[in-house]
Amino acid sequence: MSSQDRLTRAYQQAKRIQFTNSDKFILLSDCHRGDSSFADDFANNRNIYFHAVNHYFNYGFQYIELGDGDELWENLFFKDIFEANKNVYLLLQKIFNAGKLHMIYGNHDMVYRNPNVTKKLLSEYFDPKEGKNVPLFPGIQFHEGIVLEHAETKQELFLTHGHQADFMNYVGWKINRFLVRVLWKPLQVWGIKDPTSPAKNYVELIKVERRIKKWIADNGNKITITGHTHRPRFPKPQDNALNYFNDGSCVHPRSITGIEIENGTIALIKWYIDTKEDGVLQIVKEYLEGPVDLSLYQSQ
């Protein structure tokens with residue numbers, strides 16, 4: 001099956017969510033939540049991420065994670081990731097209980113496409129205060145794709161991780177997982193980059209983006225939002241470019257990026273640590289692109 005067929009299948013089998021201009025979504029991906037070890041890229045941005053997600057929860061946003069939320073290549077056991085990020089998962093639990101958590105799997109958490117695995121790992125956790133297992137995300141489902149469909153205009157936004165355009169990270173993901181666990185994770189401490197990741201391999205990144213753009217061009221310039229490459233992308237309507245968006249990642253140096261959909265608009269945002277004049281640190285949000293009215297992005 002080609003990358004084009006894999007993307008088509010993800011679109012056709014996607015979970016569909018209707019929305020209106022009053023609905024609000026935050027799209028994040030590539031958190032790579034780890035165990036706080038030397039190889040955990042998420043650890044440096046954990047506080048930024050928690051503050052941002054808590055902000056969106058308090059303001060009624062729905063949370064959509066576009067894959068690679070949990071780093072299940074470098075880490076053998078989810079319980080180690082959970083213990084290192086317990087406050088994060090309990091926040092996500094609040095969003096889940098409110099019916100506003102939507103999850104897509106990527107290559108680093110590909111095991112979540114198996115409902116039996118998600119049930120085993122994510123349904124409950126051991127609470128030392130109560131001395132027993134308590135619910136975490138009972139009944140949670142992960143999808144390969146999600147389609148947001150505007151209730152009035154019928155405009156569609158196709159959301160997926162994007163690894164469908166990357167053969168070794170989709171078909172050969174088990175081989176890459178093995179290489180990361182036994183080879184590239186130990187070498188990270190020496191600053192050697194993992195060539196299996198398009199985020200750290202520019203040549204592969206360009207190939208992945210080219211394949212995704214070809215699918216968009218062959219499918220009526222459908223608005224498509226992915227992660228995977230860690231490179232934020234935000235086309236401008238006036239440039240008549242392909243409607244290819246990328247929300248970036250949560251493991252940028254000292255910042256996270258994402259895509260907001262609110263009031264019928266779309267925007268690329270960044271959360272980062274800034275310093276006030278008196279030296280006090282604060283976490284702030286910056287608009288990198290937009291907001292732009294979604295109606296300006298026309299499909300064929």
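When I say that two residues touch, or are in contact, I mean that they have heavy atoms within 4.5 Å of each other. The structure I am presenting is a predicted model, in which local features need pLDDT of at least 70 and side-chain atom pairs count only at pLDDT 80 or more, while totals for chains, interfaces and linings use all residues. Residues are numbered from 1 along each chain as its sequence is written, and side-chain values use heavy atoms, with hydrogens and water left out.

Let me begin with the overall picture. The protein has 8 helices and 14 strands, where helices (H or I, at least four residues) and strands (E, at least two) are DSSP runs numbered from the N terminus. Its radius of gyration is 19 Å, close to the 19 Å that the globule rule gives for 300 residues, so the protein is as compact as a globular protein of that length; the radius is taken over C-alpha atoms, and the rule is 2.2 Å times the number of residues to the power 0.38. Along the principal axes, the C-alpha trace spans about 55 × 45 × 45 Å. Of the 300 residues, 53% are buried, which is to say under 20% relative accessible area, with exposed meaning over 50% and partly exposed in between, using a 1.4 Å probe and protein chains only. Among contacts with a separation of 6 or more, 68% are between residues 24 or more positions apart.

Now to the sheets, in which I call two strands paired if DSSP finds at least two bridges between them. Next, β13 and β14 are antiparallel over 10 bridges, and their hairpin has 5 residues between the strands, with Gly279 at a positive phi near 90°.

What lies across this sheet? In the loop between β2 (24-28) and α2 (46-58) we find Asn45, which is buried, with a relative accessible area of 1%. Beyond its neighbours within four places in sequence, Asn45 is in contact with residues including Cys250, His252 and Ile256.

The other sheet I will describe is also open, with 5 strands in the order β1-β8-β9-β10-β11 and mixed pairing. Here β1 (15-19) and β11 (244-246) are at the edges, each with a single partner strand, so one side of each is left without a neighbour in the sheet. The twist of this sheet averages 20° from one strand to the next. The parallel strands β1 and β8 (residues 145-150) are joined by 5 bridges, and Ile17 has Leu148 of β8 as its bridge partner. Helix α1 (residues 3-12) lies across β1, β8 and β9 (156-160), at about 115° to β9.

Finally, the interior. A nonpolar core is a set of buried Ala, Val, Leu, Ile, Met, Phe, Trp, Tyr and Cys residues joined through side-chain atoms within 4.5 Å. Which residues touch the most other members of the largest nonpolar core? Of its 39 residues, they are Tyr49, Tyr63, Leu92, Leu101 and Phe137. The largest share of this core, 6 residues, comes from α4. Taking Leu101 as an example, and not counting residues up to four places away in sequence, it touches Tyr63, Leu92, Ile95, Phe96, Phe137 and Ile140. A second, separate core of 22 residues includes Phe19, Phe25, Leu268 and Val292.

Terms used: Axes are lines fitted to C-alpha atoms, for helices over the stretch in contact, and angles run from 0 to 180 degrees between N-to-C directions.
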